[in-house]
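Here is a friendly walk through one protein model, taken a region at a time. Keep the viewer open as you read.

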Amino acid sequence: MKTLLAGGLLITMDRERRVLTGDVLVENDRIAAVLPRDDGQLFRPDGETEVVDVSGMTVIPGLVQAHMHVTQALFRGLCDDLALMDWLRERTWPMEAAHTAESNAASARLAAMELIRSGTTSLVDMGTTLHEDAVFEVMAETGLRGLFGKCMMDMGDDLPSLMREDTAACLRETERLIRRWHMAENGRLRYAVAPRFVPSCSEKLLLSARDLARQNGLRLHTHASENLGEIALVEARCHERNVRCLDRMGYTGEDVILAHCIWLDDGEKRILAETGTHVAHCPSSNTKMSSGFAPVAELRAMGANVAIGLDGAHDHMDGLMEVRQASILQKALTHDPKALPALQALELATLGGAAAMGQADDLGSLEPGKKADLAVLDMDMPHSLPAWGRDPVQRVVYQATRENVVHTMVDGRFLYRDRKFLTLDPVKTLADAEKRCAEVMRRGNLAPVSGFFCR
Ligand SMILES: [Zn+2]
C-alpha cells in the first residue's frame, strides 16, 4: 500500500534540519521517499498509490510524549491546585485505586483521542498498579505507538491498600505483562518497566525491577526529583540525593527515562549527562503543580538527552501546546529570550523522544526508511496567521495547537484524517469517559469538587 502526501511544507527534522516543499511517499508502514519539489524528482504515482493533497499545509514528524499517565485522563479537574505529595495522597492515588479495567480503558481511550487529535504518535506511559492490559488493548485498537508499563509500588505512607503491592506479586504481574505485550502489533507496543518513584518502592523492588528490565532489554521508566517534598522523603530514607540514590541502584544509563529532574545539584546534572540517561521534561505539569523549573537548556548544553512529556491529570493532553510551554518556560527560567529556541523545542518533542524510546533509527524525523509517523497541520487559522515572512518552525512551536491538526498517521495508517477519527468513536469515547469517571468517584467514595453542573 502506497500513500503520497503531496505538496506539503515539510519540517523534516533530518540531520540538516531541512524545511522544504515536497512530497512524502509512504509505503506500508515506512517513509519510502522524501521528494523536494525543487529538484525535479516529481513522483509519478501509479494506480496503486493514493494521493493525498497536503499543499498549503505543514507536515511534521509525529510528536513523542516521553512521560505520561493515560490512566489519569478521567481525573482532570478533580485534583487542581495541589502540590505533588498532597495531589497523590488526597486525590490521585485514591482515584487510581478505584479504577476498574473498564474505567482504565475509558481513560486511556479519552487520552488517545486527544493525543491523536494533537499530532502525537508515540508515548511512554506509566499506568496504575492494576488493569494494565486495558491500556495495551486500547493502544492496540487506537493505533498509537509507545512504551507502556504498569506502575510498581510496594511501600509508602498513605498509599491506599489496594495499591500497595506485594513485592513478588508485583514482579510476577510485570513479567506476565511483558510476555503478553512486549513487541505486540508488529513492535508498535513495547513494555517499559515502571516503578513509580523511590518513595513508593522498596530497595528490593527497585533492584529486581532494574534486573527484569535489563534481562529483557527494556526501558526503565520512573519519576525523579520532581518536588522538594519527594526528595526530602528520599533523603530521609537513603541519606543521599535522589539522583545519586537512583544512580547507585542502576537507574541511570541509556536505557533509563527519568521524568521531571527539576531539583538537581551540579553533580546530579553531570551524572545524567555522562550516563546518557534520558530526561522527560513535563512543563505544564511542573508549572501547574508548582513543582519548579527543570534546567533543560543547561542539561542539553551538558550533553543530556531531553524529551517532552504531558504527564498526567494536568488539564490538556495537547502535544503541540506542550512544545511551546517547554520553550517559553526556559526563557522565564534563564531570563534569556534565546533559551530553548523553537527548533530546539521541536527537537525535544521529536528526536529527543525517539531517542528516549530507544527508537532513534525509526522515529523522530521525516526521512526515507523511518516509520511513517507524522502529523499534517493547517496553519491557515486565525491564531496562526499571518504567514508572510514567518519561520515555519517558529510558527509550529509558538502558534500551533491541536486546532491546526488535520491528519495524524502512525505506521503509515491514518488514525485521524480530515479531522475525523478512524480508530475510535468520539461520541462513545466521551460518553464512556463521563460515565466511568462518575463510577470511579462513587466506588472510591470520593467527593466532587463542586455541586455545580455535576452529572
Ligand atoms: Zn508522572
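## Ala 112 and its surroundings

Setting aside residues up to four places away in sequence, Ala 112 touches Val 138, Met 139, Thr 142, Leu 144 and Leu 424; contact here means C-beta atoms, placed from the backbone, within 7 Å. This is a predicted model, where local features need pLDDT of at least 70, side-chain atom pairs count only at pLDDT 80 or more, and totals for chains, interfaces and linings use all residues. Residues are numbered from 1 along each chain as its sequence is written.

Helix α2 covers residues 101-117; helices (H or I, at least four residues) and strands (E, at least two) are DSSP runs, numbered from the N terminus. The 17 residues of α2 reach 24 Å from first C-alpha to last, close to the 24 Å expected at 1.5 Å a residue (the expected span is 1.5 Å times one less than the number of residues). Because 14 of those 17 residues are buried, α2 is largely enclosed by the rest of the structure. Buried means 20 or more other C-beta atoms within 10 Å of a residue's own, exposed 12 or fewer, and partly exposed in between, with C-beta atoms placed from the backbone. Just after α2, Gly 119 takes a positive phi of about 85 degrees.

## Domains and the core

An automatic or database domain assignment supplies the domain bounds: domain 1 (2-61 + 368-421) and domain 2 (63-357). Their C-alpha centres lie 29 Å apart, and the contact takes 22 residues from domain 1 and 24 residues from domain 2. On the side of domain 1 that touches domain 2, α14 gives the most, with five residues.

Which residues have the most contacts inside the largest nonpolar core? They are Val 24, Val 59, Ala 112, Val 124 and Ala 280, in a core of 138 residues. A nonpolar core is a set of buried Ala, Val, Leu, Ile, Met, Phe, Trp, Tyr and Cys residues joined through C-beta atoms within 7 Å.

## Leu 374 in strand β15

Leu 374 is found in strand β15 (residues 374-377). Is Leu 374 buried or exposed? Leu 374 counts as buried because it has 27 C-beta neighbours inside 10 Å. Leaving aside neighbours within four places in sequence, its contacts include Val 59, Ile 60 and Met 409. Leu 374 and Val 410 are 36 residues apart in sequence, yet 6.7 Å apart in space, C-alpha to C-alpha.

Conventions:
Two residues are in contact if their C-beta atoms, placed from the backbone, lie within 7 Å.
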